[in-house]
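Thanks for coming, everyone. Please put the sequence and the structure up on the screen, and we will walk through it together.

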Amino acid sequence: MVFTASPAVNAQTADLTSWQANSVYVAGEQVVYAAAIFEARWWTQGDEPGAANSDGPWLFIANCQSGQSGACDPSNLGEPVEPPSGPQPNPGGGYTMLKSELEATEATLTSSALFLEVKASIETRANAEVELIKAGAASNPENVKRVEQIFPEQQWLYTFPQRHSAYSYEKFLQAIGKFKGFCASYSDGRNSDAICRKSLATMFAHFTQETGGHDVNSPIEEWRQALVFVREAGCHENDSSCLYNAECAPDTWQGQQWPCGTRTGGGYQKYYGRGAKQLSYNYNYGPFSQAMYGDVSVLLQNPERVADTWLNIASAVFFYLYPASPKPSMLHVIDGTWQPNSHDTGLGIKPGFGATTNIINGGIECGHGYEKPQSLNRMAYYREHAAAMGVPVESTEELGCAGQKSFDTQGAGAMKIYWDQDWGYYPDLPEGKSFACKLVGYQTRHFALQAGDYQKCVQHYFDVDVIDN
């Protein structure tokens, strides 16, 4: 029988005799073994018995069997060897796998150049750091300072005179500060300030369409009527309007993966549109909550935070930065990371503001041979915001999407960003199962841009206990 010993046994030894279990604890550390009855002496991993090494990995030190205690004598160990790879039988049933192996597999499968670009653009800061961001603060992150220089508070007040009181300049800066990739510095020769200006103009144009007043009779120009709504018009907490809750049912995978919160008095929380992007549905609140808090339940239990806190704008920045496969992210359209391939070109998809409309609402607004009213609005708003931001609009830039088909899996921006079970048959593995997950282009409960979801996928589909090592 083979055992593993934790390196953190605090330089103590312990005699274990005639145990019959799956694990024991030595000096507070779990020791996992794969035998029924044995006698062994344990010590900490290091240059010699008793030398503590709390930072090292777990290693297989010896084979110990009942009646062969000499194999566990410190003078008869030999060199430690790495644990066997792949799934190993678990005495209690099922299999064990090493966390380090699962993490290594996840890293390998998500190491393409495009994956690395996306991972860099969606990197976030801790919320405690975000909460410290204030207008003009010397401690503000570099990307926040860039936004302050390009778009100061006075311009915020001018551009959004009809904004809801929940949309403050401070919350705007905090939303920017949460994401390191928005208005970031480029080290490859691209103009960081120019990209930042164009990103802001693009995002503001879509704000104006999604949450604008659209009052043609107002003395305030339409392009300056954005951020009027922080909650979806016509939706209220105390009636049955705007439920968006079909996916809350516990027999749906969405309801299982992103379990809906319950309200005082009964019923599910409501996941209608909130914030500058009008975030809707539990399957969007859950992933956004995971990205913001490392916990899907926070916003599923408290969806009002998307309206009342800096998340009301962060939810829109989140949507701007994250790719919605097979679509690229809007950031990568604007900063030039995404370049259409021949298939994209055949679909009529070109770089420019129009492609971001295709990303947001292409199924409704694009590909009809003429510009739909919503697309015409976005184009007009973009021209105005671009002019106010000092962003040149070239005559060759495609601002509309009338001739653009939907993005598909053959395009340059298509990514497989979800995990699903590898259904293949592998005769050399136990039961012929893969004990692995694969990248897929359709949405599943496991998101490849969320670190650790590969392990969750393997555990969900296979009878596996994961061992830290």
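Buried means under 20% relative accessible area. Keep in mind that this is a predicted model.

Now the disulfides. A disulfide is a covalent bond between the sulfur atoms of two cysteines. How many disulfides does a search of the whole structure find? The search finds 5. I will take you through some of them.

Start with Cys248 and Cys260. A disulfide joins them, with 1.9 Å from S to S. The link of Cys248 and Cys260 is left-handed, with -85° about the S-S bond. Cys248 sits in the loop between helix 7 and helix 8, and Cys260 in the loop between helix 8 and helix 9, so the pair ties together parts 12 residues apart in sequence. Is Cys260 buried or exposed? Its relative accessibility is 11%, so Cys260 counts as buried. Cys248 is buried too, because its relative accessible area is 3%.

Next, Cys366 and Cys401. Their sulfur atoms are 2.1 Å apart, and they form a disulfide. This link of Cys366 and Cys401 is left-handed, at -80° about the S-S bond. Cys366 lies in the loop between helix 15 and helix 16, while Cys401 lies in the loop between helix 16 and strand 9, so parts 35 residues apart in sequence are tied together. Cys366 counts as buried because its relative accessibility is 6%. Cys401 is buried, with a relative accessible area of 0%.

Then Cys437 and Cys457. A disulfide joins this pair, S to S 2.1 Å. Cys437 is in strand 10 and Cys457 is in helix 17, 20 residues apart, and the pair links distant parts of the chain. The link of Cys437 and Cys457 is left-handed, with -95° about the S-S bond. Both cysteines are buried.

Cys437 leads us to Leu109. Leu109 is found in helix 1, residues 99-109. Leaving aside neighbours within four places in sequence, Leu109 is in contact with Phe115, Trp419, Cys437, Leu439 and Tyr454. Its C-alpha atom is separated by 9.3 Å from that of Ala448, 339 residues apart along the chain. Leu109 counts as partly exposed, because its relative accessibility is 36%.

On to the core. The largest nonpolar core has 98 residues, and Phe172 and Phe182 have the most contacts inside it. Beyond neighbours within four places in sequence, Phe172 is in contact with residues including Val147, Phe151 and Trp156. Val147 is one of the buried residues of helix 4, residues 142-150. What covers the buried residues of helix 4? The cover includes helix 5, helix 6, helix 7 and helix 16.

The largest pocket holds about 1,100 Å³. Of the 40 residues lining this pocket, the closest to its centre are Tyr283, Asn284, Phe319, Ala324 and Gln443. Helix 9 gives the most to the lining of the pocket, with 5 residues. The pocket lining divides into 20 nonpolar, 12 polar and 8 charged residues.

There is also 1 cavity of 30 Å³ or more. About 80 Å³ of space lies in the largest cavity. Among the residues lining the cavity are Thr202, His206, Phe319 and Ile360. Helix 7 gives the most to this lining, with 5 residues. The cavity lining divides into 8 nonpolar, 2 polar and 2 charged residues.

That is the tour. Thank you.

Key:
Residues are numbered from 1 along each chain as its sequence is written. This is a predicted model: local features need pLDDT of at least 70, side-chain atom pairs count only at pLDDT 80 or more; totals for chains, interfaces and linings use all residues. Side-chain values use heavy atoms; hydrogens and water are left out. On a 1 Å grid over the protein atoms alone, a cavity is a set of points where a 1.4 Å probe fits but cannot get out, and a pocket is an open set with protein on both sides within 12 Å along at least five of seven lines; lining residues have an atom within 4 Å of a point. Grid points are joined across faces, edges and corners, and a volume is the space filled by probe spheres set on the points. Helices (H or I, at least four residues) and strands (E, at least two) are DSSP runs, numbered from the N terminus. Ala, Val, Leu, Ile, Met, Phe, Trp, Tyr, Cys and Pro count as nonpolar, Asp, Glu, Lys and Arg as charged, and the others, Gly among them, as polar. Buried means under 20% relative accessible area, exposed over 50%, partly exposed in between (1.4 Å probe, protein chains only). Contact means heavy atoms within 4.5 Å. A nonpolar core is a set of buried Ala, Val, Leu, Ile, Met, Phe, Trp, Tyr and Cys residues joined through side-chain atoms within 4.5 Å. A disulfide is a pair of cysteine sulfur atoms within 2.5 Å.
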